[in-house]
Amino acid sequence: MPVEVTWWGHATCTVEDSGVRFLTDPLFARRLAHLRRRRGAPPPPEAAVAEAVLVSHLHSDHLHLPSLARLAPGTRVLVPSGAPDAVPGLRRLAAAGLRVTEVAAGDEVTVEGVAVRAVPAAHDGRRLPFGPHRSPALGYVIEGEARTYFAGDTGLFDDMAEAVGPVDVALLPVGGWGPYLGHGHLDAGRAAQALAALSPAAAVPVHYGTYWPIGLDGVRPHEFHAPGDEFVRHAARLAPKAVVHRLAHGERVRPEVAR
């Protein structure tokens, strides 16, 4: 079966390749601290069904313990090295039956015959904004019938294409959850530059248009609504050979890839 991608909102996607389901940065909450979900219903129970979960970094909108607790016992959870020390709740989830595996950039893990390779990301992945750097931010490349890159949160970096390697499908963040993007993020324009450097056959924009700070609905609302369409426009100019699939929440696509 060809690779299939479902976008559940924010950075949460299901990637199914060779009959194996991978779930990225699961966040199923209607509200997280000062953020509320403004678009798309929370993912249905089927979204929590996966053979493996890929956690890119320790920020609570990417490593969300209540969402991880919804996974079935025995689910493999790949986390950046040092994550269980920085987030003790991961140890409790492991004791409850999740198979937590720490990885660093360059590590490769096989999940039911499908390889997953951890790659670097340019992002501050600490659990707290001012906590110690105990754990790196990562991206992942799933290598089955297709090579699918989940970038997590990242900025552009010089050797990005070399570090990630050849990919067929790229899941790229194109925005954020607030009116301003800090260092270590991609906006729509920079995501299109990353797309041009990586040269995949297809791309799916993620990490936008889902969560927004409570009380800030009227502050730069285009930063919430527009990044997906802006990425489509920039990609058409900078990477015209790539097919961009701008998905609605809960929508899935089978990108055409040639291997």
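Buried means under 20% relative accessible area, exposed over 50%, and partly exposed in between, using a 1.4 Å probe and protein chains only. The views below come from a predicted model, where local features need pLDDT of at least 70, side-chain atom pairs count only at pLDDT 80 or more, and totals for chains, interfaces and linings use all residues. Residues are numbered from 1 along each chain as its sequence is written, and side-chain values use heavy atoms, with hydrogens and water left out.

**View A. Arg-117 and Glu-143 form a salt bridge, with N to O at 3.0 Å.** Arg-117 lies in strand S10 (residues 114-120) and Glu-143 in strand S11 (residues 138-143), so this pair ties together parts 26 residues apart in sequence. Strands here are DSSP runs (E, at least two residues), numbered from the N terminus. Arg-117 is buried at 17% relative accessible area, while Glu-143 is partly exposed at 27%.

**View B. Glu-4 meets Arg-252 in a salt bridge of 3.8 Å, N to O.** Glu-4 sits in strand S1 (residues 4-9) and Arg-252 in strand S17 (residues 252-253), 248 residues apart. A salt bridge is a side-chain nitrogen of Lys or Arg within 4 Å of a carboxyl oxygen of Asp or Glu. Glu-4 counts as buried at 13% relative accessibility; Arg-252 is partly exposed at 39%.

**View C. Glu-46 also bridges to Arg-252, with the closest N and O atoms 3.3 Å apart.** Here the partners are 206 residues apart, and Glu-46 belongs to the loop between strand S5 (35-37) and strand S6 (52-54). Glu-46 is partly exposed, at 41% relative accessibility.

**View D. Shared partners join Glu-4, Glu-46, Arg-252 and Arg-254 into one salt-bridge network.** For context, the whole structure holds 9 salt bridges.

Methods: Helix = DSSP H or I, 4+ residues; strand = E, 2+ residues; numbered from the N terminus.
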